[in-house]
Structures are given as C-alpha cells and as structure tokens.
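Welcome, and please open your viewer. We will go from one selection to the next, with a note on what to look for at each stop.

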Amino acid sequence: MRRATVSPAAFLVRHSTVFILVVLMAAMAVVTVAVGDKTLVRTVAEIYIRTVIVVALYIFIGNSGVISFGSIAFVMIGAYASAWQTCCKALKPMSMVGLPDFLRLHTYPVFFASITSAILAALVAFVVGIPILRLSGIPSSIATFALLAIVFVIYSNWNSVTLGLLSVVGLPLYVDIWVALGWAVVVIVVAYIYQSSRYGLLLRATREDEVAAEAGGINIARQRLIAWVISGFFLGVAGVLYGHFVGVISVKMFYLDLTFISLAMLVVGGMRSLTGAVVGVVVLSTITELLRRAESGFHVASLHIQAPVGSQEVSLGIIMLLLLIFRPNGLTNGREIAWPRALTRSARSGGGNADPSPDTAEQHAG
Amino acid sequence: MTTFIQICIDAASLGSLYALAALGIGLLWGVMKLINFAHGDFISVGAYALIVPSSAVVPTLFIGAWPAPLMIPAVILVVASIALLAERLIFRPLRTADPSTLLVASFSLSFFLQYLILMIYGARPKAVTVGSTLNAELTLGPLRTTYIDVVTISATALLLVAVALFMTRTRFGIQMRAATQDFRMARMLGVRANAVIATAFAISGILAAIVSFLIVARTGTLAPRMASQLVMVGFVATVIGGMGSLVGCILGGFVVGVVSAFLQFVLPEDLRATRDAFVFIVVILMLLVRPEGLVRLRSQKERV
C-alpha cells in the first residue's frame, strides 16, 4: 500500500508514458476539430480506430513476442456481432434468416452492442486460444493464420447470417472522432496497466527467454492466453468501431490487407513498446493520407497533375522498406516515450519513497 | 477404384504446385529465417512478363509469343533477377534483423510488387493463351485427365530431382544445406554467406517462374493477386512439413494437396465451398500433434 503515500506529481512522472500518449492523442483531436476540415476529421478518426487495432495487437504480440497473423479475425467477429444487434431493422428478418430470434427481431442500443460484441470476440479468443497458444514460434503464427482463414471462410459462406460475400449496409453511424478517441484512450491505458502489471511482466519474461521463464515457474500458455483474450476484446471493439464508422461491412475488409497493414504499423513503429505501436499508426497513416492526396492530384498553376493509380501503394511500399532497413527495430527502437530523465530524478526525490517501477527501469536500460 | 485413382491424380497435381511453392519458401526460411510473403508476387511477375507492359484490356504477348525453348529461360531469367535484386537491396541489409522485421519487409515488398503490377498493367484480370492447348483432355483407359495435370506432375518431379541433385552433389548445394543446419557454424567453416543466400534466392526465383507457367497454362488468366492463395498454402505446407527441412516442405505440400483433394470428394455438396476451413482445421490439428513438423531436424531444436 505504499502507493498511497506517493504524491500526485511523482505518480504522473512515474507513469509519464501513458499520460503523454493520452494527452498527445487528445490534443490531435482537439486541433483537428478546431481546424474543422471534414476530410481531416475523418482521417484522424480513422487513425484512432487503427490505434485500437494496433495497440490491441501489441498487447499480445508486443508482450509475448509471438507474431499473430490471425488476430484480425476478432475484428471481423466484433464487427458482425454489432451489425446483428444494431443494423437493418427492416431487412434483418428476411435477409439474415439464420439469426436466432432475439437478434433477428430485436435491435439493441449501440453501446450495449459494442460491449457484447467485444465480449463475444474475447470469448472466441479464449476458446481458440487454449489449444493454439500451447504452440510457440512460427508454428503458433501459422496456427493463428489458419484461424484467420477458417473464420474468413466460415463468414463468407454462412449466407443466412452474414450475407456471405455481400456487404452488410446501413449500420448506424454513431462513431465520430470523439467516440474513436475515447476507445483509443481506453485501449492505451489498459495496455499500459497490463504491461506494468504482474501478468504483463511475466509474459515479457517469456518473450525475452522462453526456456528460462518456464524454468522459473511461469506457465507460458496461461500468460499468453491472458494477453490474447484482452487483445481479442479490443480487436472486437475495433471491429465495432469500423462498422459504425464506415456504415458498411464485408468479410473482405477484415482479411489479409488489414492484417498486413496493421502488422506493418506495429513493426515499423517498434513492436516492443506501447509508444512504438502508437507511433507506427500515426506515422504510416499520415504517410498514407499524404500519398492519397498526392495521387488524387494537385494543381500547379493551371495544370492538373495526377499520379497513376497504384502509385500511392507503390510509394508506401518503398517507404516502409526504407524505414525497416534504416530502423530494423522500429522507429522507437523498443523504447517508451517518457518524461526526460533529469526532470524525473528531481521529481522522484520530491516524491519520497517511490521505488522505480520495473517498467521505468527497463526504459532506462533500453 | 477408378474414382480413387482419379482423386489421386488431382491430389498429386495440386500437391505438386503446393510443393513447389513450399520449397521456394522453405529454402529462404532455411538459410535466413525469412518467411517470404513476396514469393507469390515473384510468381505474378513471371506470369506478367509474358505480355507487353500496358494496361490494355486485351493483352499482347511479348515473351509469351516466343518459342518455348526461348520463352522458358527468359521468364526464369526475369524472375530470378527480381529475386536477386530483392536480396541485394532489401534482405541483405536486414540479414541480422529479427524474423518479425524480415516478415514485414517481405509484406512490404509484396505490397510494392503487387501495386507496381497494378500500376503498369491495370487491375483487371487478363486472358492469355500461353500453353492453353495443354488443357485438352487426355484419356488413359478409364481415366480422364488433362495434359496440364501430367505436365505439372512431371515438371515437379523433374525439378525436385534437379534440386535434390544440386543439394547433394554440388559444392553450393552442400554449403547451403550446412547453412540451413547451423548458419553461424557454417560461416566459421568458410561458407560464404552472401553467395549461399543469393543462390537460395535465385533457386527460389526459378521455382516461382516455373509455377507461373504452370498456373498460366492452367487458368489462362493473369491477375495481380493470382498466386496469393497458392502461396498461403505454401507457408502452411512449409510449417507442417517441418520448418527448415526441404524434404519436409515438399512432403507438407503434398499432404495439403492430398487433404484438399480428398475433402473436395468427401464433403457433402453444401459444405464444399467451406473446404478450406476444413483444410485449415486439419492444419491446426497437425500442428498441435507435431509442432516441430513432419520431418524433424535435429538442429532445429532450441538449445539452451
């Protein structure tokens, strides 16, 4: 119960990483809304949704060191679960005949739906995680990939419930920049609490040395499962957000493309730190948006210059490769953003007996 | 009995393609722990090299119009050069990076190549007629098959023998196998890392080029993502075969082919569309039973 004696200032400094990230995220929204450009507001809202996905991936991948190709399956599960509860009151009884009556004939409030959908995703994560997470290394990555493929094939053929390859149109559009920001903040805070908790540290120990951690009495599969389920919950949330942000969902939205780009954001930012996950999203999304605008053309004098279709992605590919070649451990190199060290010292001496949390110790070592 | 042999031919032909894809991927995993997602794009590059670069809806044949003895080496040359270029520019600087970085680098390369093709040739699938005569039916007694199935199986057999000879009879091949077993030790004993890895990329490129012929002749269409499904199966095959073991890759490819072909036959009509889900369930089960793969390499066991 030593925490009770720590002054608020020392508490802020000790956990500066999470506060800085949250403040920066919120500041971005405030500035964007103040500028008021509608396209920009949508872009930033999408960055927040991506943040939910990538930080959720980070909770599992970053802390366990196991690459999962399959996590986007939970985004799909979340998105469809929310659509079943909130969408298309008139069409649902005829088009989705396979749904049970409580979904087919009723519509639920959006917030309630988002939580139940995320819980469904977490439940599925729990059930499939029990066998899959017993594996390690590349076999476990491939098993998660198999999971993605299975979920994709089932959802694209389960016509009476998911409309198969057709899009589900008309989800209520309640996700704006503030809702997205809210969830991005929640996921960042939860990821931080988790990684500084006993469980997060146990999982990180297995990442650094699996054999030694196991010899030290850590149940690797159980620790991975905890992170996997938390990650699954927020991936479910991300699916809900996507669905209610775009208004249309289809199975193809939640397959390889989203998997690749989300993993790329995580790795380009630096998959070993929470800051890295956030930085990766912001940097790659910004580059993508700039390229998108360049591709749609710009005016020089009276001349309209337009880049050929596909040049946006080609340039993005080159930029990602360059970033990887010059920063192979990610832009943050596995470090967390934190209040400058010199200032930390003085604050800590003022704060009394605040013992350095293992987490800050790790940053200094990095 | 006839049906059974029929299924076996289907399985062998599908398994051959998977085995070739898995071998191309497994080689690179063996020498540098790279899961090369761009392998599928190497295949597409080979296929698109057959036509004149333009976004026209009706493609004009370019290399594809040349006589076969010229066309096949030309396509192989194109794909192998792309593979070598990728090695030199991207994967050599990243050699010491960890596998996740390599993996994302190969995603990025795949993304780049895919959209480069889309930018130059357009997104629409194109119909080409290179080798389409091979789709004619071939009747052997009660059995009905196509020439392309026979060509696929025999080309694969030939290539596998060639690769096996290369691996066991040539200096480079033996060095490559040594590098697959223990890269650091091999280097200390005088194996040249650059040469070995470059050779692996070149062979991987050659295998990709052959696969692009086999696919184009079979389907007659070109599309920017024509090989992605094949390569996905290739990875899975590499893993269930045993990562790093080349025999394992080939075996894994055939196993997935056989499982797919038999499920196609066994599953009831309305579940057939979900065949791949069943294939992947089998994959997960196999991984749970034998996480180290069908062929276990002694050197792959983690040392403490």
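**Stop 1: chain A as a whole**

Among contacts in chain A (heavy atoms within 4.5 Å) between residues at least 6 apart in sequence, 79% join residues at least 24 apart. Before you go further, note that this is a predicted model, in which local features need pLDDT of at least 70 and side-chain atom pairs count only at pLDDT 80 or more, while totals for chains, interfaces and linings use all residues. Residues are numbered from 1 along each chain as its sequence is written, chains are lettered from A and ligands numbered from 1 in the order in which they are written, and side-chain values use heavy atoms, with hydrogens and water left out.

Now colour chain A by secondary structure: there are 18 helices and 4 strands. Helices (H or I, at least four residues) and strands (E, at least two) are DSSP runs, numbered from the N terminus. Of the 366 residues in chain A, 54% count as buried. Buried means under 20% relative accessible area, exposed means over 50%, and partly exposed is in between (1.4 Å probe, protein chains only).

**Stop 2**

Select A:S64, in helix α3 (residues 38–64) of chain A. Is A:S64 buried or exposed? A:S64 counts as buried because its relative accessibility is 3%. Its side chain reaches the backbone oxygen of A:F60 at 2.7 Å. Show A:L203, A:R207 and A:R224 too: A:S64 touches them, not counting residues up to four places away in sequence.

Next, pick A:V110 in helix α7 (residues 110–132) of chain A. With 25% relative accessibility, A:V110 counts as partly exposed. Leaving aside neighbours within four places in sequence, A:V110 is in contact with A:T86, A:P172, A:Y174 and A:H244.

Then go to A:A27 in helix α2 (residues 16–35) of chain A, a partly exposed residue at 34% relative accessible area. Draw a C-alpha to C-alpha distance from A:A27 to A:L331: the two are 304 residues apart in sequence and 21 Å apart in space.

**Stop 3: where the chains meet**

Show both chains and select the contact, which takes 41 residues from chain B and 40 residues from chain A. Together the chains bury about 3600 Å², 86% of it on carbon and sulfur atoms; buried area is the accessible area (1.4 Å probe) that two parts lose on being put together, summed over both.

How many salt bridges cross this interface? The rule finds 1, where a salt bridge is a side-chain nitrogen of Lys or Arg within 4 Å of a carboxyl oxygen of Asp or Glu. Zoom in on A:D257 and B:R225, which form a salt bridge with their closest N and O atoms 2.7 Å apart. On the side of chain B that touches chain A, the elements giving two or more residues are α3, α4 (99–121), α9 (228–241) and α11 (275–289) of chain B. Highlight α4(B), which gives the most to that side, with 14 residues.

**Stop 4: inside chain B**

Finish with α2(B), where 10 of its 10 residues are buried. Among them are B:H39, B:F42 and B:Y48.

Key: Polar contact = N/O pair within 3.5 Å; in protein donor to acceptor, adjacent residues only side chain to side chain.
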